[in-house]
Amino acid sequence: MFEAENIRDWRNYSVVDPDGHKIGTLEAVYVDTGTDQPSFASIRAGIIGRHRLDFVPLEGALVSPEHVKIAYTRSQVK
C-alpha cells in the first residue's frame with residue numbers, strides 16, 4: 001500500500017478518484033490498531049461553508065507528492 005510513517009504529511013492533500021477527478025481534501029487518516037496500517041480516511045468535500053465529511057477505505061490507495069488516489073469513484077464516495 002504505502003508508508004505509514006508519512007501520514008501526517010498527507011493532511012490537506014487533494015483526494016482524487018481513479019480517473020483523476022478531485023473528490024475533496026484529506027482530513028484525517030484512521031489506522032487499524034491491530035496491523036498499524038492506514039485503513040480509512042475522512043475526506044472534506046463540498047463548497048466553503050457547506051462541506052461534509054465522507055469516509056472511504058484506503059485499500060488500493062496510491063499516494064503521490066500532490067494527491068492521494070483512492071480506488072473508488074466520486075459517486076461511490078457520495
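Me: Which residue in the turn between E1 and E2 has a positive phi?
Reply: Gly-20, with a phi of about 90 degrees. E1 and E2 form a hairpin there, with five residues between them. Keep in mind that this is a predicted model.

Me: How many bridges join E1 to E2?
Reply: Three bridges join them. E1 covers residues 14-16, E2 covers residues 22-32, and the two run antiparallel. Ser-14, for instance, has Thr-25 in E2 as its bridge partner.

Me: And what is the bridge partner of Thr-25 in E3?
Reply: Arg-44. E3 takes in residues 37-47, and seven bridges join E2 to E3. That pairing is antiparallel.

Me: Which residue takes a positive phi in the hairpin of E2 and E3?
Reply: Asp-36, with a phi near 60 degrees. This hairpin has four residues between the strands.

Me: What makes a positive phi worth a remark there?
Reply: Most residues other than glycine have a negative phi. Asp-36 is not a glycine, yet its phi is positive.

Me: Asp-36, buried or exposed?
Reply: Asp-36 is exposed, since its relative accessible area is 55% and the cut-off for exposed is over 50%. Asp-36 lies in the loop between E2 and E3.

Me: Where is Asn-12, and what is its phi?
Reply: Asn-12 is in the loop between helix H1 (7-10) and E1. Its phi is positive, about 75 degrees, although Asn-12 is not a glycine.

Me: Back to the strands. In what order do they sit in the sheet?
Reply: The order is E4-E3-E2-E1-E6-E5. That makes six strands in an open sheet with mixed pairing.

Me: Which strands stand at the edges?
Reply: E4 (50-57) and E5 (62-63). Each has a single partner strand, so one side of each has no neighbour in the sheet.

Me: New topic. How many salt bridges are there?
Reply: Three. One of them joins Glu-27 to Arg-11, with the closest N and O atoms 3.3 Å apart. This pair links distant parts of the chain: Glu-27 is in strand E2, Arg-11 is in the loop between H1 and E1, and they are 16 residues apart.

Me: What else does Glu-27 meet in a salt bridge?
Reply: The side chain of Arg-44, at 2.3 Å from N to O. Here the link is between strand E2, which holds Glu-27, and strand E3, which holds Arg-44. The two residues are 17 residues apart.

Me: Which residues are linked in a network, then?
Reply: Arg-11, Glu-27 and Arg-44 are linked in a network of salt bridges.

Me: How accessible are those three?
Reply: Glu-27 has 21% relative accessibility and counts as partly exposed. Arg-11 is at 49%, also partly exposed. Arg-44 is at 27%, so Arg-44 counts as partly exposed too. The partly exposed range lies between the cut-offs for buried, under 20%, and exposed, over 50%.

Me: What does Arg-52 form a salt bridge with?
Reply: Asp-54, the closest N and O atoms being 3.3 Å apart. Arg-52 is partly exposed, with a relative accessible area of 35%. Asp-54 is buried, because its relative accessible area is 8% and buried means under 20%.

Me: Now the aromatics. How many aromatic pairs does a search of the whole structure find?
Reply: One. The pair is Tyr-30 and Phe-55, with 5.8 Å centre to centre. The angle between the planes is 50 degrees, and the pair is tilted.

Me: Which parts does this pair tie together?
Reply: Tyr-30 lies in strand E2 and Phe-55 in strand E4, so the pair ties together parts that are 25 residues apart in sequence.

Me: Which residues form the nonpolar patch on the surface?
Reply: Tyr-30, Phe-40, Leu-53 and Phe-55. Together they have about 410 Å² of accessible area.

Me: What is the relative accessible area of Tyr-30? And of Leu-53?
Reply: Tyr-30 has 39% and is partly exposed. Leu-53 has 45% and is partly exposed as well. Leu-53 is found in strand E4.

Notes:
Residues numbered from 1 in each chain as written. Predicted model: local features only at pLDDT ≥ 70, side-chain atom pairs only at ≥ 80, totals over all residues. Heavy atoms only, no water. Pairing = 2+ DSSP bridges. Patch = residues over 30% accessible without salt bridge, like charges linked within 9 Å, V, L, I, M, F, W, Y side chains within 5 Å. Areas by Shrake-Rupley, 256 points an atom, 1.4 Å probe, with all protein chains shown as cover. Salt bridge = Lys/Arg side-chain N within 4 Å of Asp/Glu carboxyl O. Buried < 20%, exposed > 50% of the residue type's maximum accessible area, 1.4 Å probe, protein only. Phe/Tyr/Trp six-rings, centres within 6.5 Å; stacked < 30°, edge-to-face > 60°.
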